[in-house]
Amino acid sequence: MEYKEYDVFVIGSGVAGRYVARTCASAGLSVAIADNREFGGTCANRGCDPKKIILGPTEVFDLADNLSQKGISSLPELNWEANQKFKKTFTDKIPAGTENQLKELGVVLYHQSPKFLDKHTLSVEGKTITAKNIVIATGQIPRILTMEGAQLLKASDDFLKLSKLPKHMIFIGAGYVGLEFAHMATRYGCQVTLIEQGPSALNAFDSDLVSELISVSEKLGIRFIFNADISSIEKLNKNYRVHYKHKGKNESIKARMVFNTAGRVPAITELSLDKGGVAYSKKGVEVNKYLQNITNDKVYACGDVSDHSVPLTPLSGIEAKIVAENIIHGNKTEINVPNVPSTVFTLPNLASVGLSEDEAKKRYNNVIVKHEFVSDWFNVKRSNEKAYGYKILINERTNEIVGAHMLGPYAAETINLFAMAINLKLTTEAVKNMIFTYPSWANDIKAML
């Protein structure tokens, strides 16, 4: 068996992994990187980037639908096949481009998932690798479901590369992936059903705004089945039938495709972490303030696979920077992450940053809650929006904004202003005294305070 030795071995070539590999190689360290899928990671190849490309035409359609007979005489026709070809102009070049960039820096590439043999030794492609530092940046993968017939389920990857949309599809799980895909597929002309085990959708977001989003989604044509326990999935001639229990009754529904959108989990099962003495939990690889594994100091973890991380691309980059600095200069840099905004790219967007209402009320003695749905505001009326609402949380003692939750057509953008305000500990007066362009969605935030 061939033996190789490196200063740094990175597992995973997404945002976090390739940043560490590039930075360490540029610093003169010998670096190798491995991935068991195409190089470039989930976000660029099969996640947030291609998802936004598919979303694009539906944004045009939605605005045209809002303004039908109010300046728009006929609705545009969406073309899934044409948009998929456009999407490939972005995604097809990612793997080779990523590999070439890494090779130019002298990084050695492996195309397989490594397995730990001991605390500093890996096995990959029939080679035994020793490394002074091992970085786990494998991201997350779809949660495995175990009901009978679960092997028949398709994943988010499959949705994003569909050459044609079927007439009817089912999503199992009403998290952000399920809701986003449901909105896209419905506007492209597909009949969509979302089946959820819990009583509502999007548990991580404000329940009042989620309820309004569900109402908008139902008017769009999306069917929700909550409090449903799926027992099995059956393959028919052309369709699939999902059997489930709902309100004490055994029921079923069929569709041409059924997708697992029941959430994502850290991608660690193939790594043999126990052999490497690497501590982990359901949340991911367990790390300290330097993003170093708590039981194996030769191992770092960054990105969605870390138990420290919120699974969002911008945070992956911050964590990767910390890991690279600590490998190059020794453990001198501690992770200190600001409040991270999050968005569900439905139409309207649902966005959040900072504390939830419950969290704010537990942390502070007195919390001012500014909550309203505002169908009469100018921006809503001028483009005839389907929903616009907010919930802003303010610490009454300091008058600082501590949480912001929004439902609206441009909430994904506007929430960033609230993220800035919260991280800078701005008071409501400070924000109100700023001058924004008018009339703009950003200017609306002053009226929310």
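Modeller: Start with the bend at a residue: the angle between axes fitted to the seven residues ending there and the seven starting there. Helices (H or I, at least four residues) and strands (E, at least two) are DSSP runs, numbered from the N terminus. This is a predicted model, where local features need pLDDT of at least 70, side-chain atom pairs count only at pLDDT 80 or more, and totals for chains, interfaces and linings use all residues. Residues are numbered from 1 along each chain as its sequence is written, and side-chain values use heavy atoms, without hydrogens and water.

Biologist: Where does H3 bend?

Modeller: At Leu55, by about 30 degrees; a proline, Pro57, follows within four residues.

Biologist: What covers the buried residues of H3?

Modeller: Buried means under 20% relative accessible area (1.4 Å probe, protein chains only). Leu55 is among the buried residues of H3, as are Ile54, Thr58 and Phe61. Their cover includes helix H2 (41-46), helix H4 (80-91), helix H6 (156-160) and helix H7 (176-187).

Biologist: How do strands join into a sheet?

Modeller: Strands of a sheet pair through backbone hydrogen bonds, either parallel or antiparallel. Here, two strands pair if DSSP finds at least two bridges between them.

Biologist: How many bridges join S20 to S23?

Modeller: Six, between residues 349-354 of S20 and residues 400-408 of S23. Gly354 stands opposite Gly403 in S23.

Methods:
Buried means under 20% relative accessible area, exposed over 50%, partly exposed in between (1.4 Å probe, protein chains only). Contact means heavy atoms within 4.5 Å.
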